[in-house]
Amino acid sequence: MLTLTSPVEIWAHRLPAAAKLGALSVCTVLLFSLTTPATILAALALVVALYASSGAAFATHGARMLRPLWPFVLIVGIWHLWTSDPAGGAVIILRLTAAVGAANFVTMTTRLSDMIAVIETLTRPLAAFGLKPRRFALALALVIRFIPVMADRMGQISEAWSARSPRRPRWRVIVPVTLAALDDADNAAEALRARGGAD
Amino acid sequence: MERNLTHIALFAALIAVLGLVPKIDLAAGVPITAQSLGIMLCGTVLGARRGALAVILFLVLVAAGLPLLSGGRGGLGVFASPSVGFLIGFPVAAFVTGWVMERTTLAPGVAATAAAVIGGIGVLYVFGIIGMSVMLDKTLTEASYLAMAFLPGDAVKVVLAGMITQSLARMRPASLLSRA
């Protein structure tokens, strides 16, 4: 399946995932403790420099990943122009862009398998509460395996609907898709049990 | 045990698929995605504990870098964006929806609609509004005006969650683990 890791390999891909996540946490906390426009602008400049150091293709991809933010930028912008506090609005927008940009940078330079390895290490203490690491890994693998299967099936069900009716299927496909998911869950559970169980 | 695990995993996949499919326009002409409907269904079908675990599993994969949120969003960036409150609220919403579903003896359709209103709107919006208020530096009142933009879509999804749960209960009564 498609991941958000950038296919353009840069220097940051070679850093260990745990170090990147640790640095990101520290930077995000620091970023939200900044209040003056000048310091936040400097922080944003650092994030931009990170992307710029990684080549044009990587930077363009990074800019595209910020697109979902535009409704918030628009709302905050209009709001603060309306209340004639443009400096306050700029602080919020710049901080948001820097925080999301930094987080995206870590996502774009860390492979899914490395990220999952860190998550498994972090959740190991939860074994005391009954979350067995093997079960967790199995659940993650099942989700990744079944998303494309279910997406295909939803497509087939919509097509079957369109072959019978001139109208669009709309929400009605969700019932058969959910039923199929319940069946898949039962079948997968049986298959697991036949192969020695989940433990 | 295996059944619990596979149900949790398959419903995590279901949330993803409901958000991946572009423009499964639910009601006429309104391009809303079905993702939060998936959160509600986790609660109404799987019940409190399993439903919340399915949502957490889904969020773990989003954080790990899979573009599973509606519109192909994902990665760590979404947890630094103003919608982070809704993401944190998702598992709690599924839990409360499932909890209400397990506790009432009403007919499945009615119970699911009520549970989805309480969990999928009431509880979820508390988290969402707090999140937007912190991230956008607004008061809670101002942030709740912003959240109202999502209300019409979610009202539609609450009704759908009720109807879908009702259909599942009629077609396969044993499938509602929240009522098992």
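**Chain A, elements.** I began by counting the secondary structure of chain A in this predicted model, and I found eight helices and zero strands. Reading from the N terminus on, I noted the order of the elements as α-α-α-α-α-α-α-α.

**Chain A, dimensions.** I then looked up the radius of gyration of chain A, which is 23 Å, whereas a compact globule of 199 residues would have one near 16 Å. Taken along the principal axes, the box that the C-alpha atoms of chain A fill is roughly 60 × 50 × 35 Å. I also checked burial, and 31% of the 199 residues of chain A count as buried. Turning to contacts within chain A with a separation of 6 or more, I noted that 70% of them join residues 24 or more positions apart.

**Where chain A meets chain B.** I next asked how many residues of each chain are in contact with the other. I found 54 residues of chain A in contact with 49 residues of chain B. On the side of chain A that touches chain B, at least two residues each come from α1 (17-33), α4 (70-82), α5 (86-108), α6 (112-123), α7 (133-164) and α8 (174-194) of chain A. The largest share of that side, 13 residues, is supplied by α8(A). Sorting the residues of this side of chain A by kind, I recorded 41 nonpolar, eight polar and five charged.

I picked out Ala12(B) and asked which residues it is in contact with, leaving aside its neighbours within four places in sequence. The contacts of Ala12(B) are Val143(A) in the other chain, together with Ala54(B), Leu57(B) and Phe58(B) in its own.

**Helix α5 of chain B.** My last entry concerns helix α5 (residues 108-135) of chain B, whose 28 residues should span 40 Å at 1.5 Å a residue. Its end C-alpha atoms are 38 Å apart, which agrees with that expectation. I also looked for a bend in this helix, and α5(B) bends by about 35° at Tyr125(B). Just after α5(B), I came to Asp137(B), which takes a positive phi of about 55°.

Terms used:
Residues numbered from 1 in each chain as written. Chains lettered and ligands numbered in written order. Predicted model: local features only at pLDDT ≥ 70, side-chain atom pairs only at ≥ 80, totals over all residues. Contact = placed C-beta atoms within 7 Å. Helix = DSSP H or I, 4+ residues; strand = E, 2+ residues; numbered from the N terminus. Nonpolar A, V, L, I, M, F, W, Y, C, P; charged D, E, K, R; others polar. Expected span 1.5 Å × (residues − 1). Bend = angle between axes of the 7 residues up to and from the residue. Rg over C-alpha atoms; globule rule 2.2 N^0.38 Å. Buried ≥ 20, exposed ≤ 12 C-beta atoms within 10 Å, placed from the backbone.
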